[in-house]
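Please look at the sequence and the structure shown here.

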Amino acid sequence: MAESRLGRAGMLALGAVVTILAVTGTAFIIAGANPLEAYHAYFVQPLTREFTLLEVLNKATPILFTGTAVAIAFRAGYWNIGVEGQLLMGAIAAAGIGQVVEGWSPLVVLPLMVLAGALAGAAWALVPALLRVRLGIDEVVTTLLLNPVALLVVQGLLHGPWKDPETGFPESPRIAAAAEFPQLSEFIPLIGRSRLHLGFVLAIVLIVVAWYVLARTATGLRVRAVGLSPHGARFAGIRVERTLLRVALISGAIAGVAGVSEVAGIQFRLTEGVSPGFGYTGVVVAMLGGLTMPGVLLAGLLLGDLSVGASSAVRSLQIPSQVGDVVQGTLLLVVVGAVAVYRWRTTREDDRPADEGEPDHDEPPDRPEGRAPVESPPA
Amino acid sequence: MAGDGGRGDLAAELRGITKRYGDLVANDAVDLDLARGEVHALLGENGAGKTTLMRVLYGLTRADAGSIVVDGKPVSIGSPRDAIGAGVGMVTQHFSLVQPMTVTENVILGRTTGARLDLATARRAVEAAADRFGIAVQPDAVVADLSVGEQQRVEIVKALARDCRVLILDEPTAVLVPQEVEALFETLRRLVAGGLSVVFISHKLHEVRTISARVSVMRRGRMVGTAPGHTDERELARMMVGRPTFGVDRQEPLWHDGEARLQVRGLSARGNHGLAALHEIDLEVHAGEIVGVAGVSGNGQTELAEVLGGMRQATAGSVTVDGVELANRGPQEVMRAGVGRIPEDRHASLVLDLPVSLNLIMEHIDDFAPGGRLDRSAIEAHAEDLIESYRIKARPGDRVATLSGGNIQKVLLARVLSRDPRVVIVSQPTRGLDVGASEYVRTELLERRAEGAAILLMSEDLDELVGLSDRIVVLYEGRIVGRLGPDESDPERLGLLMAGRDGAAVSAGESIGASAGASGGTSP
């Protein structure tokens, strides 16, 4: 009780770190590695050499996009779990345009592809968003279920019209040179040879813009209000349904650009494996980042670091790459769990003396931590 | 502080109870004696520590210091189970009944042993208990179908059936109509005559004086003193608030005949479950007038406020403000027409996790965002301004969730009234507020009235309604069953109308709108 809130946060943070070390350390030991060496390989080593450092940024690129897409939707209380499918739609759009723009100027092609990818992602997000806003149908289910459908569309294209005519593999033909995202090393002499491409810059710009809009604009305030209290926002005259619809479409558009970035920056063609679950990792990034843009940036970079570290540790320490997933999963569960516990404890302690504050029976339940109730649309 | 009961005959003693929540001392070395067979009122403003003290006695809260003696034996009460074992029962403000279960099931809940459930025996036990205590309950009724007053009786039977000798009632009358209050008091008198001791938490002076043998008054976590139940109201009020008197002055009606500012015609609407909640409501409010809407909760006041505030669809009828049609127009247009809304559910109507400054601009964000960019210094200045003029105890950056109920209400008031609304729709403006904050809120409303606003006031506090309103309409089952002028609105008459008794006998002045359908209720 005399314990300060800061002290409590400190204790929780310490507990979280200890838990993470205990769980991941155990995983490393089971995998036959020295935990200290493993942590070093996973988190420190990738940052020590220029090539691997750039690769960290490269690995972070798609999940910075998807993390942003998820975070802004969640901030509005729209639980878009369909970023994976929306990303695939963006990838299809990029691959489609990339096949037919041989000889065009990149100055035309690149904006066109980004725009088309954004529209494709938004289009894939449209139906669940409308169902939620008009009929109150849970978007968690609908957006999630559309992900495998999107993958089927990709597979249909790759086994059908877009099958590579030369190799016969289920891969689309390589996109035109004009449709490739330029690599940063071509522009910035300081940057050594790497695959790091325009997509990373776009992701950073996007995060800055998203931060600005959320934190500093009227639109952002409306989005935050809708996410924190749909009823309170509606009462104050904010058009909740319209806000949700727009946020859902923007989230889908960002996811679509993530798909463009992967096709135009890394793969140069559409493949079935264009996204190894970037959409789902985006949920991890958004949650780890506390749904804030600086948090998303840090979490995206951290998971990029982890990804590069885990793949090099396969060789250097013979740790199976799946241990990287264990570490990622542990991070997510412990961090999100600790935040939830922190909020719950502080909320309860804050609320206790208020026992006498409200003799009536309309006290709201604790914080609306989970889903906001779906409200019927106004006329 | 020992009362006239004598030490030998104490049902319970609390000694030096101290409870801290962080820096806040909810109970500061509080002593209380409860004599056998008395109704002992615990009086105090909200936040005075009454409920905390009783939660300690019932084991819902653990005290930091102090001791409890029940029936002359020191007891350690760490949970309601311990309290029940020691013979202490409590009916909290929020009933702890399982709605879909029957009365019998609720009464035996938590007392079953083993795997077998003998409902027939249980039912007989409940009937016997109800008979013994003279409390009418139907053992087979489903709790959800019962009125609030009936549910309260079930709670009392539940406590008594566990052989409690000390019964704590936390603001039991808050949810009752006057007639139900009288019935409750009858029951309590019978029970204390049989040796039960009752702690009656309240902040309503006249009730306290009616029912209690002794009154203990708390203020800011301390026990101010114990007085006989018949102590003068002004004296009790002085002990409670620490200043001589309180109250608001209302001038004579300001409006003159002419076009009403707010006109409601034939308004109907459905409630949350799709059932009709409002039937062809007609009413008008003039500039400079407060019209009160009386009614037991659940008779359409909530829906009326929501329709008028743009938060609920009307199924028929019209709402006009200065001739502008507003039915089914949504909150933006309602506000644009000059309507300010202070809702019943103030928590849900603010964004609790955003700071005070942003909540204060929430109804007109664009005024503080030239070109879409939030002007943070203007927002801050606006907040400082309203915090000062509405005496809100908060800083602009504080999350609303961290404020007290009174200050949350002031945030809403400031947000609405600072925009000079021509019509104010206000529901339960002082519910849950302490005397100081209530007085402030009422004064603000009267000030708006003096400035020519048309105010529609929904309140379950009859004293407040009668004190503030120029005219009162009574809602019963979604219909206006009575309209009372300034001199006709005594609480008893209101109580009868609110309880759905035939309104014709008490109607006066204006005609009764659509009361025919509601007149089939019980007759006295």
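What follows describes a helix pair and then a sheet.

## Basis

The model is predicted.

## A pair of helices in chain A

Helix α3 of chain A covers residues 50–75, and helix α13 of chain A covers residues 293–316. Their axes come within 7 Å and cross at roughly 135 degrees. The crossing of α3(A) with α13(A) is right-handed.

Residues of α3(A) that meet α13(A) include T52(A), E55(A), V56(A), L57(A), I63(A) and A71(A). On the side of α13(A), the residues in this contact include V296(A), L297(A), G300(A), D305(A) and V308(A). By type, the residues of the contact of α3(A) with α13(A) divide into twelve nonpolar, six polar and three charged.

## A sheet in chain B

Chain B has an open sheet of six strands. The strand order is β16-β17-β18-β13-β19-β20, and the pairing is mixed. Which strands form the edges of this sheet? They are β16 (339–342) and β20 (479–484) of chain B, and each pairs on one side only. From one strand to the next, the twist averages 20 degrees.

## One strand pair within the sheet

Strand β17 of chain B (residues 423–427) pairs with strand β18 of chain B (residues 454–458). The two run in the parallel sense, and the pairing extends over five bridges. Which residue of β18(B) stands opposite V426(B)? That residue is L457(B).

Definitions and conventions
Residues numbered from 1 in each chain as written. Chains lettered and ligands numbered in written order. Predicted model: local features only at pLDDT ≥ 70, side-chain atom pairs only at ≥ 80, totals over all residues. Axes fitted to C-alpha atoms, helices over the stretch in contact; angles between N-to-C directions. Helix = DSSP H or I, 4+ residues; strand = E, 2+ residues; numbered from the N terminus. Left-handed = near helix turned anticlockwise from the far one by under 90°. Contact = placed C-beta atoms within 7 Å. Nonpolar A, V, L, I, M, F, W, Y, C, P; charged D, E, K, R; others polar. Pairing = 2+ DSSP bridges.
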